[in-house]
2 protein chains.
Amino acid sequence: MNDYWKEFPTIQQNLQDTCSLIEQQVKIRNKEIETALIDLTHSGGKLLRPAFFFLFSQMGDSSKQDQEQLIKIAASLEILHMATLIHDDIIDDSTLRRGIVTIQSKYGKDVAVYTGDLLFTEFFQLLSETMNGSSFLKTNANAMKRLLLGELDQMHTRYKKDMSVSDYLRSVNGKTAELFSLSCLEGAHFGHASKQVQRLARRIGRNIGIAFQVYDDILDYTADTTTLKKPVLEDLAQGVYTLPLILAIKQAPERFQPYLDKKEKITAEETLAVAELVLELGGIDEAKYFALKVTQKALTDIDTLPESVGKRQLEKLTELLLSRSF
Amino acid sequence: MNDYWKEFPTIQQNLQDTCSLIEQQVKIRNKEIETALIDLTHSGGKLLRPAFFFLFSQMGDSSKQDQEQLIKIAASLEILHMATLIHDDIIDDSTLRRGIVTIQSKYGKDVAVYTGDLLFTEFFQLLSETMNGSSFLKTNANAMKRLLLGELDQMHTRYKKDMSVSDYLRSVNGKTAELFSLSCLEGAHFGHASKQVQRLARRIGRNIGIAFQVYDDILDYTADTTTLKKPVLEDLAQGVYTLPLILAIKQAPERFQPYLDKKEKITAEETLAVAELVLELGGIDEAKYFALKVTQKALTDIDTLPESVGKRQLEKLTELLLSRSF
């Protein structure tokens, strides 16, 4: 686990326990896959979803909480996230993830397929241990489906020149915001917070998820490999047209057309030229403004939550996510 | 659905309903994947697992049965099976499955990864609708994990010259027998059969699954593409050493060594030479004898089941599986 959480002392221990549980959970008789999974656990995943989960659980009634259950649910959220990461890297043919080589590029796609599958199983096992009989079992199944459909939407709209903001948001809502929303909602629910807090949690999580993804997509245009630890303009090169580009195209579609018509044949230099166009036409600024508005919605909702340590830490974390270097 | 089930009138309608439900379940907004999945559903999968499920459910108390629940559970078994098939085809780089081109060779590995993932989700959704609160939720999670570990074992023991019968059986127990066992057990359980029938169902399913896999592996050595509808000696070429080969190697390891040392560089002609060696050294006959013994165990158990139409059809199906052309 990384140092990110030192400033959030109330959840630091919880996140440590979640990390340990994940490591225990991925112990299997195939040592190659076990090593791959432990690598991934150690590679500095931010545990953002479990963090939001615990912050919301702290707004509940601690006398009713089952600590073991909470740790397991937090782990299930991170494990589902890890599973989709691994399979995404197969689709994207990514060589780097979180600054280390991906499972598929280190061990091959065979191992990557099964490793992701195994994590889906661990996810399912953790749920069968923690929420058997709860309506949240179905909530999780539905969330997992929306998550995958979001990934499929993204795959399906590759190289789509007339990609609209609503196409983009549909995919982001599924592939990213769904799991943030679920994390916050489950934290509030299994932490025994009020129905009102649960309702807010769901909406806050969704807006944080959308803002998080938009910022991530902005970083693809602005960061370099040293700060973000991943190849830049990767999405663009692979035909994944995100908000900065979509907003810039609206300003002058004819200037992008010659580049985008090349689809996967676009060169590294041309990709750079597109990125410069995006900056020049205000795509980055507009996307930042969009993310700011969405974050503001989340902060406004957070403001209405009952006063608590969790609330202040939640505000801090949300603002911190916003101040990532770009 | 194919004509295979005409001779099993008591379950034919159930299987038809299961098929329809699967088709409904795979309707999604991504038309490419939807088509791929409907292709797969239509391509003559034998629905063996749902069939065993329904035969065992018929040994229960029909007055207590929930028909919609049974259809959904039967569908969940086939869907889990389909998901693993799709991901296996990525690992194997298979071009054919059930005589039609695989999803990965027709639509690419990207679509195949997500299509399999989506089926895991459908599986999970069906379980959340049918057994939320039942101990069978965990039984399913565990079965899914054993299934995957069986696949991993197979991958892990590729090109293993000293592959033992017990290595082989460990993999088969996971990748094939686990789901047959679960299908029979769930049929008996959710059909409200007695505890004794449930115990037998689990064991009968396991033995049928093992025998089924051994026969399938024999077919890899004896069938040709016209009868089996898939490339022959595929396993051997990919380093998956199955029972006929393992048993033949025991007779004269030195005759196999020069071939197996070549690993993935083995030519088509050399593969054929190995197959002839396997036949010459009695590997096929010994494997058949092994499968016969295991089938006999299943039939002996079936014989102790209470008299019923289901019991006679179960006997018939088990024997039919045995008489596949080779």
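The model is predicted; local features require pLDDT of at least 70 and side-chain atom pairs pLDDT 80 or more, whereas totals for chains, interfaces and linings use all residues. Residues are numbered from 1 along each chain as its sequence is written, chains are lettered from A and ligands numbered from 1 in the order in which they are written, and side-chain values use heavy atoms, without hydrogens and water.

Chain B superposes on chain A by a rotation of 180° with 0.0 Å of shift along the axis (RMSD 0.0 Å). In chain B, the C-alpha of Gly133(B) is nearest the axis, at 1.8 Å. Of the interface residues of chain B, 100% are also interface residues in chain A, so the copies meet through the same surface. Contact means heavy atoms within 4.5 Å.

Zero disulfides (cysteine sulfur pairs within 2.5 Å) are found over all chains. Cys19(B) is in no disulfide; its nearest cysteine sulfur is that of Cys184(B), 19 Å away. Cys19(B) is buried, at 5% relative accessibility. Buried means under 20% relative accessible area (1.4 Å probe, protein chains only). Cys184(B) is also buried, at 1%.

Helix 8 of chain A spans residues 165-190 and bends by about 50° at Ala177(A). The bend is the angle between axes fitted to the seven residues ending there and the seven starting there. Helices are DSSP runs (H or I, at least four residues), numbered from the N terminus. In helix 8 of chain A, 21 of the 26 residues are buried, so the helix is largely enclosed by the rest of the structure. His192(A) follows helix 8 of chain A, with a positive phi near 60°.

Technical notes:
Copies are superposed by least squares on the C-alpha atoms of residues with pLDDT of at least 70 in both. Buried means under 20% relative accessible area, exposed over 50%, partly exposed in between (1.4 Å probe, protein chains only). Helices (H or I, at least four residues) and strands (E, at least two) are DSSP runs, numbered from the N terminus.
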